[in-house]
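Keep the sequence at hand and follow the chain step by step. Some stops are single residues, others take in the whole fold.

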Amino acid sequence: MTSTTSAPTDVSRRHDFVLLFDVRDGNPNGDPDAGNLPRVDPETMQGLVTDVAIKRKVRDFVDMAHGDEGDGRFKVYVQHGQFLGER
């Protein structure tokens, strides 16, 4: 049996990607426990960005770039207060 769904749109397959971004003179991921100061590696003093902050940036970008498309293909379902389905 051959699937008619192409690999980039097949949600049953794993999708990996790389996100690179550069911040200069900014605070890409403030630490709420430290008065929203930037998170830094204490040994190298380089800025750190948590995986949660990166996921939020990706969700926000996708919504900003494709949020007005009515078919829902670009909706990211892991959002605060929303559920995929009831069990």
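L19 is partly exposed, with a relative accessible area of 39%. The cut-offs are simple: buried is under 20% relative accessible area, exposed is over 50%, and partly exposed lies in between (1.4 Å probe, protein chains only). L19 sits in the segment before β1. Together with F17, F21 and V23, L19 forms a nonpolar patch on the surface, and the four share about 370 Å² of accessible area. Patch residues have over 30% relative accessible area and no salt bridge; nonpolar side chains (Val, Leu, Ile, Met, Phe, Trp, Tyr) are joined within 5 Å, like charges within 9 Å. A salt bridge puts a side-chain nitrogen of Lys or Arg within 4 Å of a carboxyl oxygen of Asp or Glu. Areas come from the Shrake-Rupley method with a 1.4 Å probe, and for residues only the protein chains shown count as cover.

This is a predicted model: local features need pLDDT of at least 70 and side-chain atom pairs pLDDT 80 or more, while totals for chains, interfaces and linings use all residues. Residues are numbered from 1 along each chain as its sequence is written, and side-chain values use heavy atoms, without hydrogens and water.

Now the overall layout. The protein chain has 1 helix and 2 strands. Their order from the N terminus is β-β-α. Helices (H or I, at least four residues) and strands (E, at least two) are DSSP runs, numbered from the N terminus. Of the 87 residues, 7% count as buried. The accessible surface comes to about 8,300 Å², and 54% of that belongs to carbon and sulfur atoms.

N29 also lies in the segment before β1. Is N29 buried or exposed? N29 is buried, at a relative accessible area of 9%. Leaving out residues up to four places away in sequence, N29 touches L37, P38, R39, L48, V49, T50 and A53. Contact here means heavy atoms within 4.5 Å. The side chains of N29 and R39 also make a polar contact (3.4 Å). That term covers N or O atoms within 3.5 Å; within protein, one must be able to donate a hydrogen and the other to accept it, and residues adjacent in sequence count only if both atoms are side-chain atoms.

Two backbone angles deserve a look. D25 is not a glycine, yet its phi is positive, about 55 degrees. D25 is in the segment before β1 (30-31) and is exposed, with a relative accessible area of 83%. N36 is likewise a residue other than glycine with a positive phi, near 65 degrees. N36 is in the loop between β1 and β2 (37-38). N36 is partly exposed, at 48% relative accessible area.
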